[in-house]
Amino acid sequence: MKPRLASVGAVAAGFIVTALTSTAADAVMHAAGLFPSAPRLMSDPLFALAAAYRALFTVAGGYVTARLAPDRPMHHAWILAGIGLFAGLAGVVAYYTIGGAELGPAWYAISIPFEAIPCVWLGGQLAGWLRLSTRPDERVHEIIEG
C-alpha cells in the first residue's frame, strides 16, 4: 500500500472507531432504556456517562490511528486530534445556533472538543508504549545468536 494511502487509512480508521463506538454505545443505552427517548432530555449524570465513554472511545481512536500509521504514529494521532477538535467545535457552534439548552447542557457540548486532544494523545502514547514493550530487545538477540 502506498504510504499516503496508508496514512489516510490510519487516520480514517481512528475516526471511524471513535464515531462508530460512540454511536453504537448511544444506541445501546437508548435501547436498554438507560437514556430517555426524545423529546425527553437526559439528566446531567447521564450526560457525564456519555462524555466518559466518548472519552474512552476517543482514546481508542487515537490508539488505532497510531498503531496503523505507516510511520510517525504521533503525527497521525495529532491529525486525528485536529479533526476531532474541529468536529467538536462545529458541534458547539451547532449547539448555540440550533437550540442550546433544548439539546442538553452547555458543558457537555463544550466537553467534546476539549476531550479530543488529550484523549487522542493518550491513545497515541499507549500505542507507542505497547509497541516499545512488545519490541524484542536487539541486544538479547545478539547474545542469543551469537
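How many aromatic pairs does a search of the whole structure find?

1. The search finds 5 aromatic pairs. Rings of Phe, Tyr and Trp (its six-membered ring) count as a pair if their centres lie within 6.5 Å; planes under 30 degrees apart are called stacked, over 60 edge-to-face, and the rest tilted. The structure is a predicted model, in which local features need pLDDT of at least 70 and side-chain atom pairs count only at pLDDT 80 or more, while totals for chains, interfaces and linings use all residues. Residues are numbered from 1 along each chain as its sequence is written, and side-chain values use heavy atoms, with hydrogens and water left out.

2. Overall make-up. The chain contains 5 helices and 0 strands, and from the N terminus on its elements run α-α-α-α-α. Helices (H or I, at least four residues) and strands (E, at least two) are DSSP runs, numbered from the N terminus. Of the 146 residues in the chain, 34% are buried. Buried means under 20% relative accessible area, exposed over 50%, and partly exposed in between (1.4 Å probe, protein chains only). Among contacts with a separation of 6 or more, 75% are between residues 24 or more positions apart; a contact means heavy atoms within 4.5 Å.

3. The nonpolar cores. Which residues make up the largest nonpolar core? It has 9 residues: Ala25, Met29, Phe35, Met42, Phe47, Ala50, Ala51, Tyr53 and Tyr108. Helix H1 (3-31) and helix H2 (44-68) are the elements that give two or more residues to this core, and the largest share, 4 residues, comes from H2. Apart from it lies another core, of 5 residues, including Ala77, Leu80, Ala81 and Val120. A nonpolar core is a set of buried Ala, Val, Leu, Ile, Met, Phe, Trp, Tyr and Cys residues joined through side-chain atoms within 4.5 Å. In soluble globular proteins, nonpolar side chains tend to be buried together.

4. Phe35 and its partners. Residues up to four places away in sequence aside, Phe35 touches Asp26, Met29, His30, Met42, Leu46, Leu49, Ala50 and Tyr53. A pair of aromatic rings is described by the distance of the centres and the angle of the planes. Phe35 and Tyr53 form a stacked pair, at 6.4 Å centre to centre and 15° between the planes. This pair links distant parts of the chain, as Phe35 is in the loop between H1 and H2 and Tyr53 is in helix H2, 18 residues apart. Both Phe35 and Tyr53 are buried. Together with Phe57, Phe35 and Tyr53 form one aromatic cluster.

5. Trp107 and Tyr108. Why is the pair of Trp107 and Tyr108 edge-to-face? The ring centres of Trp107 and Tyr108 are 6.1 Å apart and the planes stand at 85°, so the pair is edge-to-face. Trp107 is partly exposed because its relative accessible area is 36%, whereas Tyr108 counts as buried because its relative accessibility is 14%.

6. The largest pocket. Its volume is about 880 Å³. On a 1 Å grid over the protein atoms alone, a pocket is an open set of points where a 1.4 Å probe fits, with protein on both sides within 12 Å along at least five of seven lines; lining residues have an atom within 4 Å of a point. Grid points are joined across faces, edges and corners, and a volume is the space filled by probe spheres set on the points. The lining has 38 residues, of which Ser22, Asp26, Arg54, Tyr108 and Ile112 lie nearest the pocket's centre. H1, H2, helix H3 (73-98) and helix H4 (106-134) each supply at least two lining residues, and the largest share, 8 residues, comes from H3. By type, the lining divides into 23 nonpolar, 10 polar and 5 charged residues. Here Ala, Val, Leu, Ile, Met, Phe, Trp, Tyr, Cys and Pro count as nonpolar, Asp, Glu, Lys and Arg as charged, and the others, Gly among them, as polar.

7. His76 and Pro73. Residues up to four places away in sequence aside, His76 touches Ser7, Val11, Thr65, Ala69, Pro70 and Asp71. Pro73 also has its place in helix H3, and is partly exposed because its relative accessible area is 25%. Leaving aside neighbours within four places in sequence, Pro73 is in contact with Ala66 and Arg131.
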